Amino acid sequence: MKTKTLSIATLVLTVLAASQSVFAQAYGEAYQSFINTLQYNNTFNYRKNSSKRSSGTAESKSTTPDAVPSHGNIVNDTAVTPEQVKRAVQFKSTGTRLALDEYVGSFRANAEEKALWKVRLTELLSGFDAWSASKGFPNDVAFALAFSIALNSSVYNETPLVPDAKLLEMRDMTAIGLTRIRLLEKTSDHEKQGIYEYTVMTAQMTYYCREEARRERDIEELKRCKQVAAMNLRRLGIEP
């Protein structure tokens, strides 16, 4: 089933509306509370430090880290154990989508368009589930966050997506931060799944917005897609 293509202007409005209005919903509220706590604890502060180049005199303009410890040693070289990290950031899936209806319901679109977007987002979520599991991180909130940062950074900076190895490093750094501050300690599996789904969907919609603007060579709407990406990054406490 192929998703009907919205106009770019409508698509941008849809992404903005979804980003701003879902938080009154059950899982949207849990997602917003999670994001607010990330900002309060400055969870991604490591990114500011890691963006400095080896000379110590210049900083990268990219919002993705230039230097982080090697993937295999990140978890083992900290005060938290791999078992603690896994318990903190992963969840047992219900086998159904929890936040999808809430998210699609916030779209500024008619019933037909919403139905089509629900199909498309279901496909995207299933694809992400399979991909993250193949990397060894099934049902992992930290992997979803790293993915969101990578996609939004790609949109904002107009750069390719980071390599998988870099994404895995970002996930581990994120997972350690979440574990250290015990951010998800009292979060149920249901809430973790809702946060995970919102994180993936908002990133995917912004990336799709950018790709459609590029396809149509619409410079003005491309700028607006970048603004949405910047908003998503700032919501995580990351200054683009």
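How many disulfides does the structure hold? The structure, a predicted model, holds one disulfide.

## Overall make-up

The secondary structure of the protein comes to 10 helices and zero strands. Read from the N terminus, the order of elements is α-α-α-α-α-α-α-α-α-α.

Of the 240 residues in the protein, 51% are buried. The protein exposes about 11,400 Å², and 49% of that area is supplied by carbon and sulfur atoms. When contacts between residues at least 6 apart in sequence are taken, 78% of them join residues at least 24 apart.

## The disulfide

The disulfide is formed by cysteine 209 and cysteine 225, with their sulfur atoms 2.0 Å apart. The pair links distant parts of the chain, 16 residues apart: cysteine 209 belongs to helix α9, and cysteine 225 belongs to helix α10 (residues 219–235). A disulfide is a covalent bond between the sulfur atoms of two cysteines.

Cysteine 209 and cysteine 225 are both buried. The torsion about their S-S bond is about -70°, so the disulfide is left-handed.

## The nonpolar core

The largest nonpolar core has 48 residues. Those that touch the most other members are Phe34, Phe107, Leu121, Val141, Leu178 and Met201. Two or more residues of this core come from each of α4, α5 (100–105), α6 (111–134), α7, α8 and α9. Helix α7 gives the most, with 10 residues.

Leucine 178, one of the residues with the most core neighbours, lies in helix α8. Its relative accessible area is 1%, and leucine 178 is therefore buried, the cut-off being under 20%. The C-alpha atom of leucine 178 is separated by 8.2 Å from that of valine 85, although the two residues are 93 apart along the chain.

## Helix α4

Which residues of helix α4 (residues 82–89) are buried? They are Val85, Ala88 and Val89. Seen down the axis of α4, these buried residues fall within an arc of 75°, so they line one face of the helix. On the other side of α4, the exposed residues are Glu83, Lys86 and Arg87.

The buried residues of α4 pack against three helices, namely α7 (141–157), α8 (164–180) and α9. Val85, one of the buried residues of α4, is the valine whose C-alpha atom is separated by 8.2 Å from that of leucine 178.

Threonine 199 is found in helix α9 (residues 189–215). What is its relative accessibility, and why does threonine 199 count as buried? The value is 2%, and threonine 199 counts as buried because the cut-off is under 20%. A polar atom of the threonine 199 side chain lies 2.7 Å from the backbone oxygen of isoleucine 195.

Leucine 98 has its place in the loop between α4 and α5. With a relative accessible area of 18%, leucine 98 is buried.

Most residues other than glycine have a negative phi.

Arginine 182 is not a glycine, yet has a positive phi of about 55°. Arginine 182 lies in the loop between α8 and α9. Is arginine 182 buried or exposed? At 59% relative accessibility, arginine 182 counts as exposed because the cut-off is over 50%.

Arginine 217 likewise has a positive phi of about 55° and is not a glycine. The loop that holds arginine 217 is the one between α9 and α10. Arginine 217 has a relative accessibility of 75%, so arginine 217 also counts as exposed.

How values were computed:
Residues are numbered from 1 along each chain as its sequence is written. This is a predicted model: local features need pLDDT of at least 70, side-chain atom pairs count only at pLDDT 80 or more; totals for chains, interfaces and linings use all residues. Side-chain values use heavy atoms; hydrogens and water are left out. Helices (H or I, at least four residues) and strands (E, at least two) are DSSP runs, numbered from the N terminus. Buried means under 20% relative accessible area, exposed over 50%, partly exposed in between (1.4 Å probe, protein chains only). A polar contact is a pair of N or O atoms within 3.5 Å; within protein, one must be able to donate a hydrogen and the other to accept it, and residues adjacent in sequence count only if both atoms are side-chain atoms. Contact means heavy atoms within 4.5 Å. Accessible areas come from the Shrake-Rupley method with a 1.4 Å probe; for residues, only the protein chains shown count as cover. The arc is that of the directions from the helix axis to the C-beta atoms. A nonpolar core is a set of buried Ala, Val, Leu, Ile, Met, Phe, Trp, Tyr and Cys residues joined through side-chain atoms within 4.5 Å. A disulfide is a pair of cysteine sulfur atoms within 2.5 Å.
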